[in-house]
Every structure is written in C-alpha cells, then in structure tokens.
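Student: I am new to this structure. Could you take me through it, term by term?
Tutor: Gladly. Have a look first, then ask.

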Amino acid sequence: MKTKRFWMPVAVVTLGALVMSGCGAKKYEALPIDEAVDICEECKMQVKDGVYATQLTLADGKNYKFDDIGCMEKWEKEHAQEKLGMDFVRDYNDKTWIEHDKATYVYDPSIRTPMAYGVISFTDKKAAEEFVAKEGVGKVMSAEELAHHDWKQNKDMMMGHEGSGSGDMKDMKGMDGTSERKQGHSDHP
C-alpha cells in the first residue's frame, strides 16, 4: 500500500512536467507555395514557387507570402506593431526554406529579383561567398547587416512574373529557379 502512495504523486508530477514541456515555445514552419492562389501581401503580384519566395508567420498563426524579400521587409516595417512568429527565405541554390535570421544574403543592384530589390539568400556564408566569387558581383551580408540595409529598388532589374525581365543581368536565375543566360555567361546550377 505504501508503494502505491509513493508512486502516485511521482507519476502525477512527471505527467504534469511532460504536459508543461509541450506548452513551450511555439514551432513555426514554412508553408508550401501555391502559385494558383498565393499573392504577395505587399505588391499583390503572384508568388512563384521559386528561390525568391519568402514568407512570415505571425505569433497568432496568420501566414503571409511575398514574391521578393524586399516586399517582406517593407511589409514588416509597415506592420511593426504585429508580433512576428517567424520569417523565412529560400536558399538560392536549392529552394529550401531557411529561418530569416539564420540565412546569409548577397546584395547587388545588378541582381535581378521579382521586385528589383537585388537581394538573394543562402543557407550559409560559404555558399554566398561562392556565388559572389563565381558571378563577380555582390556583397555578402548577415541577417543583422541586412536589417540596416537601404531597401531601394533598381527597376531596371525587375523581373516579369513569367520569369523574364528587362535590363542587363549577369547569369541570374529566373523566378522559377531556372537559369537565364545573358551576355554569354554559363548557367548557374
């Protein structure tokens, strides 16, 4: 009888601890892009399921998608009162989702992106540095440095939403992640 009395409180405390540990920090995950319905919350253009897509989820679970990281940054500044849960960008090389603060970025005004902000993201600094070395353009930036970035558009580098764009560009991917060939440069893998 004494054994049951001893283990009952221990079991209740253990069960309570397990339940409470499940109530910890909320886990946010990037949602898939549905090109048929997803529209950029900022510029109202179609969000392609490509390397330039970004998204954020508010603490209340509401999710917003964007066609360019510049659109997401602009929306976040305009809605600073909203409590952010997590924001995500995509790796330029393989389209995997990355937490915004953990990514490394490359900026150059000659990089063509959907809304011409010229910023692309990478899983790590090494991949960003390899891109800059190969292309001969770009400044590698951390998420912290990007927070102080001047978000100007270079409208000559704006992409059409069919994957083509205007202006001159050095070997940049189209919106769907496929390479565009310009000025005789080799395709990006």
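Tutor: Lys44 has a relative accessibility of 52%, so Lys44 counts as exposed. The cut-offs are these: buried is under 20% relative accessible area, exposed is over 50%, and partly exposed lies in between (1.4 Å probe, protein chains only). Note that this is a predicted model: local features need pLDDT of at least 70, side-chain atom pairs count only at pLDDT 80 or more, and totals for chains, interfaces and linings use all residues. Residues are numbered from 1 along each chain as its sequence is written, and side-chain values use heavy atoms, with hydrogens and water left out.

Student: What makes Lys44 and Glu41 a salt bridge?
Tutor: A salt bridge needs a side-chain nitrogen of Lys or Arg within 4 Å of a carboxyl oxygen of Asp or Glu. The closest N and O atoms of Lys44 and Glu41 are 3.9 Å apart, so the pair qualifies. The structure holds 8 salt bridges.

Student: What about Glu130 and Lys126?
Tutor: They also meet in a salt bridge, at 3.8 Å from N to O. Both lie in helix α3 (residues 125-135), 4 residues apart, about one turn of the helix. A helix here is a DSSP run of H or I with at least four residues; a strand is a run of E with at least two, and both are numbered from the N terminus.

Student: Why is Lys126 called exposed, and Glu130 partly exposed?
Tutor: Lys126 has 57%, so Lys126 counts as exposed. Glu130 has 44%, so Glu130 counts as partly exposed.

Student: What makes β3 and β4 a pair?
Tutor: Two strands pair if DSSP finds at least two bridges between them. Strand β3 (residues 84-90) and β4 have 3 bridges, so they pair, in the antiparallel sense. Arg90 stands opposite Trp97 in β4.

Student: What is the strand order in the sheet?
Tutor: The open sheet of 4 strands runs β2-β1-β3-β4, with antiparallel pairing.

Student: Why are β2 and β4 called edge strands?
Tutor: Strands β2 (63-66) and β4 (97-99) each pair on one side only.
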